[in-house]
Amino acid sequence: MAAFLCMAMASCGNAPNNEVKTDSVPAPEAKYASQPLVSHIYTADPSAHVFGGKIYIYPSHDTATGVAENDNGDHFQMMDYRILSMDSVGGKVTDNGVALALKDVPWASRQLWAPDAAFANGKYYLYFPAKDKEGVFRIGVAASENPAGPFTAEPTPIKGTYSIDPCVFTDDDGTSYLYFGGIWGGQLQHWNHNKYDSTAQLKKPEETAILPRVAKLSNNMTSLAEEVREVKIVDSTGKLFTEKENDKRFFEAVWLHKYNNKYYLSYSTGDTHNLVYAIGDSPYGPFVYQGVLMKPVDGWTSHHSIVKVQDKWYLFYHDTQLSGKTHLRNVKVLPLHYNADGSIQTLSSHTDK
């Protein structure tokens, strides 16, 4: 099956922008709580949004390049973005073809990692990380008249941005904020006070853990309106986490959503493989750690988004059900449930865990 999928993926990866493919859910496997949304290509890091009453999923497009696996993530060599859409959760999924390719981003050299999207000014904006010509991760932006693309990239990355995993949150007043960052291969450990230091190291166990970043976006959605700042994630006493508390501290994959006038910051703990969440009263934080959002999935990475569809909430995520390989993943979705006190019920990707 894996060999067949790789062949299918190779042909789909070269599809023209206007090619439309649909997919159906594979035969159920009892141990999984949800099935892959598509199986003809590998997808990961899903950022889900509702635009015009339709669900659009902005994932990474995993490819089998033969690069050896390492802690820097060099085996994640994504070369384009393919946007998925569906009218309802559980409905038919449409693959809308190539929305943006690496060759069409003037400043980028490789690795189109996890993206996000936003709508403003009558346009749709795709935010994405990639390594520049010097091998440093930056955040780029591309625009389109259509939520499914194709997107046209700005000639340079967003000034002042760095690292990976952009997430754009638009508040009720229309203000948009750009969150980003990831350690290890995401290079966030090289950025202190928004200055790059190639010699900077990861934090030692007793040191305060590295924090994600945030900045308000300008009205044009293609530049920052302020200097990038750290997002504080604290325990119930207001104390920042240390690096050794790696079952709680930030690693990558930040996402922000709003529920009952509270701001929910969720993220991956990376090497301990949890999705966790924290709650704050402002988009800037501080955010107080609450607990595990989702238990570890099959595969090393965990990355997600949370979206409201009509009156129900959903968590989009990925695992490695189709391939068994950590760099060839598949996107899934599960219902998300809140308790009366605003806490989130912990999810598992397996029915037996």
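Q: Is strand E8 (residues 123-132) mostly covered or exposed, and how many of its residues are buried?
A: Mostly covered: nine of its ten residues are buried. Buried means under 20% relative accessible area, with exposed over 50% and partly exposed in between (1.4 Å probe, protein chains only). Strands (E, at least two residues) and helices (H or I, at least four) are DSSP runs, numbered from the N terminus.

Q: What kind of model is this?
A: This is a predicted model: local features need pLDDT of at least 70, side-chain atom pairs count only at pLDDT 80 or more, and totals for chains, interfaces and linings use all residues. Residues are numbered from 1 along each chain as its sequence is written, and side-chain values use heavy atoms, leaving out hydrogens and water.

Q: How many bridges join E8 to strand E9?
A: Eight, and E8 and E9 (residues 137-144) run antiparallel. Two strands pair if DSSP finds at least two bridges between them. Ala130 stands opposite Arg138 in E9.

Q: Which residue takes a positive phi in the hairpin of E8 and E9?
A: Gly135, near 85°. That hairpin has four residues between the strands.

Q: And how many bridges join strand E7 to E8?
A: Five, again antiparallel; E7 covers residues 116-120. Ala118 has Tyr125 as its bridge partner in E8. In this hairpin, with two residues between the strands, Asn121 takes a positive phi near 55°.

Q: New topic. In what order do the five strands of the open sheet with E17 come?
A: E17-E21-E20-E19-E18, with mixed pairing. The edge strands are E17 (233-234) and E18 (252-259), each pairing on one side only.

Q: How do E17 and E21 run, parallel or antiparallel?
A: Parallel, joined by two bridges. Val234 stands opposite Val288 in E21.
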